[in-house]
Each structure stands twice: as structure tokens, then as C-alpha cells.
Amino acid sequence: MRWLIAWNYKIDEIVPKYKKLSNVMKCLKLNELEEIDDFDKINEYVAKLVPGAKYFPGGLMGYDKEGYVIIFQAIAQTCPKELVKCGRVSDMYHMALIDFVLTYKLIRKQEKIHKRRLGIKLVCDTDGWSMDLLYMPTVKMYMNLIRFVQEMFPELAKTLIVINAPPMMSTIYQLFKPAFAEATREKIVFYGKDYKSKLTEEFGAEHLFEKWGGSKLPQNGVPTGSLRVGAPPPDHIKYDPTKNPHHIDNKKLTKLN
């Protein structure tokens, strides 16, 4: 049903897209991932997949009052210029796909319990926004990832909520807007200064950490729980050309578009 709804029942378009998804799932052995029931364990598992994973924002907070999975992305402490040096782009894609597959397994389990279609509710917290976050090489990578994930998991998002938006958010949104499918754009909402009360109303206080207005207490005692909130990555996981005997200086390469 998700595929049919997302692509307006156009079977000729759906079949090749679904075939591509199946090949990706098979080649990366994503369908062999074991189900993990605990949200914190999923966050901890994903954070260990690649060296830079724990510095990439994201994570699961739990279920909301309706049974939807809550995903939080507190992005302000992320360091894109440094993070991009910590691994291959394919590593980030692989990490994101594993995260979504494990999340999808939780959703399917919830759907069997509630006997209806469910999905995710994503919150993007931009508190502490700085222009360093708009490092274009990383922005392009992230936009491609957004497109790819939407193709792989259509009609999964119930709503996308942005909180603590900076004054220039309208300009930022126009930059990222092309990456979102038309149906997804309609689900994006911006909460103002009263976002804590609105989030509490949306999710239920018992399903939301105190930092964002709820009453849920993280198991590890940290205000943000096991969520990845970004941080400057350590030097030892960054790429060092002096340690790579096969490194070729950019000046000796020809760029093709």
C-alpha cells in the first residue's frame, strides 16, 4: 500500500523502483538484520557501525501515544566540514539504511499490534544553528540521502516537525525543498516558541524527554538519552593523506562533470 500510494498506483513506475529496492536490500544483506526491540540498543548499534557514526545526528526516542516511532535530529552541534573527512559517503548511506531497516521492523511490529498503518514522526531541532552547517559538499550528500531514503521507504513519514528554527529558515528550506517528494513537503510543519507544549500534545508527555517538554526519563541519565546530537569528531578518525601510500594530490587529477 505504501508503494501504491506514493507513486499514485502507477505500476509501470513502481515495478522498476521496487526491483531496485530489492536488489539493494539483498546486496547489502539488509533483510538479514536481526530485529532489535529496544530503542536505546538500536541507537547504540548504529553509533558503532562506522567511526564517524556517533557524530552524525539522529536516533530513536521511542513510540508516541498513537504507536508511531519518534525520530529526533538535534543538528546544531554537528561539524559537517570535519565529519566529511571521517569516512566514505557510502558508509553514511549504509549506516542510514541499516538505521531505517531496524526502524521499519519496529513499525511493522506495531502495525500488527494496532492493526493499522503506522510510520515515523521526525523532529528536527535546529537550536544553536550556525552557517557552518551549510557546508555545501555535505549538504549535497545529505540531500541525496534524503531522496534515496524516500525512494527506499515511501510513505513512511507521518509528519516532519522543525523546532527552534533560525530567522533564515525560509531560505534554508528552499535549499532543501527539492530533496523532498511533493507528498512529503505537505507533511513538514514548523513549531514556534511554544514547541514544547505542541510536542507534548503531539506525542504525549510520557513519550518525550524532559529537554523537549515531556516527562520521559532517559535510561542513561543524559538529557538527550542515547540520541546522537553531533560533536566535533576526534582527529584520529579523520582521513590523513600522509598515512595513505596510494593518495593522489587533487592537483594531479582531472575533474569531469
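Author: Terms before anything else: helices (H or I, at least four residues) and strands (E, at least two) are DSSP runs, numbered from the N terminus. This is a predicted model, where local features need pLDDT of at least 70, side-chain atom pairs count only at pLDDT 80 or more, and totals for chains, interfaces and linings use all residues. Residues are numbered from 1 along each chain as its sequence is written, and side-chain values use heavy atoms, with hydrogens and water left out.

Reader: Where is arginine 228 found?

Author: Arginine 228 sits in the segment after α9 (195-203).

Reader: Buried or exposed, that arginine 228?

Author: Arginine 228 is buried, at 6% relative accessibility. Buried means under 20% relative accessible area, exposed over 50%, partly exposed in between (1.4 Å probe, protein chains only).

Reader: What lies 2.8 Å from a polar atom of its side chain?

Author: The backbone oxygen of phenylalanine 56. Arginine 228 also has contacts beyond four places in sequence, including Asn43, Lys54, Ala74 and Asp99. Contact means heavy atoms within 4.5 Å.

Reader: New topic. Which strand holds isoleucine 163?

Author: Isoleucine 163 is in β4 (residues 157-163). Isoleucine 163 is buried, with a relative accessible area of 0%.

Technical notes: Polar contact = N/O pair within 3.5 Å; in protein donor to acceptor, adjacent residues only side chain to side chain.
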